[in-house]
Amino acid sequence: MKTLIKLKTIAASFTLVIGLAINLAGVAQADFLGVAEYADTVSTKALYHLNQTSGTTANDDNSSGRSAINASLENSPVWTTGVLDNGLHFTRNSTQRLNMGNVLNTGSFTLEFYFKWDYIYTSELGNFFGADSTLFARGGLITHDPAPATAKVTFGVRDGSGNWRQIDGGDTYSLDTDWHHLAFVREYDAGNNQTSIRYYLDGQLAANTSWAGGYWTTSNPLIIGQTIGGTFDEIRLTPQALSTFGNTIPEPATMSIMGLGALMLKRRRP
Ligand SMILES: [Ca+2]
């Protein structure tokens, strides 16, 4: 009996070690999966679930009763499987894009989406989004590791003098070819005349900077895609600076340690 108990203890310890290893891997990878679509609210600017299968309009979910801002598919991006139901795919180095119109016209905003990068060539980079001509705000991939296929994300906006203020993904090659949640935030504090920009990967702050003064304004449309290759889903624009994003959970590897922990607790009961 003693031997059996000991074996059980060893087995439990072994399970713990394996579990921790899986958990650490999960933290390092930090993937998050969407578990539910965002609910539209009156404080949302635009929300695209991208669940259509055809057509050249991405319908804004304005079920809260606010005015709809439907977006236009230009140059034939392709409806495909997303992270939650359907999504929209853009071919690398093409002109395929989603035109959201003049929507980046608030001092503070949060643009977020799920993205699954097509890794095909080592030179494959590009913008997630941008505002045409003056490019007053943009986010994309600037460099990536040769192998495995991981890339560094950049986010920049022009300050009040027109100079670029840019953050580069916390100097880590953090984006791989799994689904990820990305959020780009500009916050303008009118009382202190201070502007901040932040980039979040899978709900975690990855890079930020701030400066005294304001920001460059534009009436150009917000364009999603156009150069980058990959699939977008669940695009949401909020005219506020968000720091939490609601509907994300740890990837299954991280969830597994929670399951293992629960199992261990159960087994330790007399
Ligand atoms: Ca979707």
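Predicted model: local features only at pLDDT ≥ 70, side-chain atom pairs only at ≥ 80, totals over all residues.

Colleague: What makes up the protein chain in terms of helices and strands?

Modeller: There are two helices and 18 strands in the protein chain. Of its 270 residues, 35% are buried. Among contacts between residues at least 6 apart in sequence, 67% join residues at least 24 apart.

Colleague: What is in the largest nonpolar core, and which residues have the most contacts inside it?

Modeller: That core has 51 residues, and Y199 and I224 have the most contacts inside it. Strand 8, residues 109–117, gives the most to this core, with six residues.

Colleague: Why can Y199 and I224 be called nonpolar core residues?

Modeller: A nonpolar core is built from buried residues of a set that includes Tyr and Ile, joined through C-beta atoms within 7 Å.

Colleague: Which residues does Y199 touch away from its own stretch of sequence?

Modeller: Leaving out residues up to four places away in sequence, Y199 touches V153, F155, I167, G169, F184, A206 and A207.

Colleague: How do you know that strand 13 is mostly covered?

Modeller: Strand 13 spans residues 179–189, and eight of its 11 residues are buried. Buried here asks for 20 or more other C-beta atoms within 10 Å.

Colleague: What makes strand 13 a partner of both strand 8 and strand 14?

Modeller: Two strands pair if DSSP finds at least two bridges between them. Eight bridges join strand 8 to strand 13, and eight join strand 13 to strand 14, residues 194–201; therefore both count as pairs. Strands 8 and 13 run antiparallel, as do strands 13 and 14. As examples, F113 has L182 in strand 13 as its bridge partner, and R186 has I197 in strand 14. Strands 13 and 14 form a hairpin with four residues between them, and N193 in the turn has a positive phi of about 50°.

Colleague: Why is V42 called exposed?

Modeller: V42 has 8 other C-beta atoms within 10 Å. The label exposed applies at 12 or fewer, so V42 qualifies. V42 lies in the loop between strand 1 (32–34) and strand 2 (46–48).

Colleague: What does V42 touch, not counting residues up to four places away in sequence?

Modeller: V42 touches S64, G65 and R66. V42 and G65 are 23 residues apart along the chain, and their C-alpha atoms are separated by 7.0 Å.

Notes: Residues numbered from 1 in each chain as written. Contact = placed C-beta atoms within 7 Å.
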